[in-house]
Amino acid sequence: MEIREQDNCRIMFDPALLAEDPWRCFEPDFWQHQQAVLGSAKGRGTTWFVRGERVDMALRHYFRGGLFGKLVKDQYWFKTWSACRSMAEFSLLQHLVEQGVRVPRPVAARVCKSGPYYRADLLTEKVSDATDLVARLQQGALSSEQWQLVGEMVRRMHDCRVNHTDLNAHNILLDSQEQIWLIDFDKCSIQRGDGWQEDNLSRLHRSLVKEVDKAGIHWQESDWQQLLSGYRRSSSD
């Protein structure tokens, strides 16, 4: 990894994945001028999908949520560079990649300070031909084997001591090869002790129950038991 600093900004990036100018690659206009925008997705902000020279990527600017986010939309209190949200997520993703968990590879992170506050951006590799679990389950049910693979991947993440505080059905992807991916590790962390693993699973279960009525997904409680079977089997491998 390389780190560069300039004008109260720090960038960390992987030169094996990023061929473009790291000081310009966090601006959507840069990609638009190159006609390299593949698409976008609306959430708390806009995630831009862009075509890089070496890999396709997802570009995200960090925005606050909730009531406070309406007052201060994208500024955070600065403590240390490594604690800034984009840098922390970059490092966590790198840790998971090194441990064999299927997550997007981190490409670059930026933090820009302004007084005691900072703003942040992150570039990650785009997961090709992937659909989130909700959209996939709207098309039809998964097999028992597929649910077990979801459980196995969640267990792999937990074995790395990573607490995914927003593990829900939208943050699990299936690609065209039926491989399982986990995404969106903002505000997640390495966690010691026990108990948080069950909290992650409970949150995922609640999201699946909710999406049955909200999105009309094909899911039933027996599918959850298959997921748990894969989760427990992975722990004994």
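Author: Happy to! Let's begin with Glu-89, which is buried because its relative accessible area is 4% (buried means under 20%, exposed over 50%, partly exposed in between, using a 1.4 Å probe and protein chains only). This is a predicted model, where local features need pLDDT of at least 70 and side-chain atom pairs count only at pLDDT 80 or more, while totals for chains, interfaces and linings use all residues. Residues are numbered from 1 along each chain as its sequence is written, and side-chain values use heavy atoms, with hydrogens and water left out.

Reader: Thanks! Where does Glu-89 lie?

Author: Glu-89 is in helix α3, residues 85-98. Helices (H or I, at least four residues) and strands (E, at least two) are DSSP runs, numbered from the N terminus.

Reader: And what does the side chain of Glu-89 reach?

Author: That side chain reaches the backbone nitrogen of Asp-186, at 3.4 Å. Leaving aside neighbours within four places in sequence, Glu-89 is in contact with residues including Arg-60, Tyr-62 and Asp-186 (contact means heavy atoms within 4.5 Å).

Reader: Ok, new topic. How many salt bridges does the structure hold?

Author: There are 12 salt bridges; the term means a side-chain nitrogen of Lys or Arg within 4 Å of a carboxyl oxygen of Asp or Glu. One of them joins Arg-85 and Asp-186, with the closest N and O atoms 2.5 Å apart. Arg-85 belongs to helix α3 and Asp-186 to the loop between β12 (180-182) and β13 (189-190), so this pair ties together parts 101 residues apart in sequence.

Reader: Is Asp-186 buried or exposed?

Author: Asp-186 counts as buried because its relative accessibility is 13%. Arg-85 is buried too, with a relative accessible area of 14%.

Reader: Nice. What does Arg-233 meet in a salt bridge?

Author: Its partner is Glu-152, at 2.1 Å from N to O. Arg-233 sits in helix α7 (residues 221-236) and Glu-152 in helix α5, so to speak distant parts of the chain, 81 residues apart. Arg-233 is partly exposed at 35% relative accessibility, whereas Glu-152 is buried at 17%.

Reader: Which residues are linked in a network of salt bridges?

Author: Glu-27, Arg-110 and Asp-121 are.

Reader: Last one: what is Val-154 in contact with?

Author: Beyond neighbours within four places in sequence, Val-154 touches Leu-167, Leu-182, Leu-201 and Tyr-231. Val-154 lies in helix α5, residues 144-159, and is buried, with 0% relative accessibility.

Methods
Polar contact = N/O pair within 3.5 Å; in protein donor to acceptor, adjacent residues only side chain to side chain.
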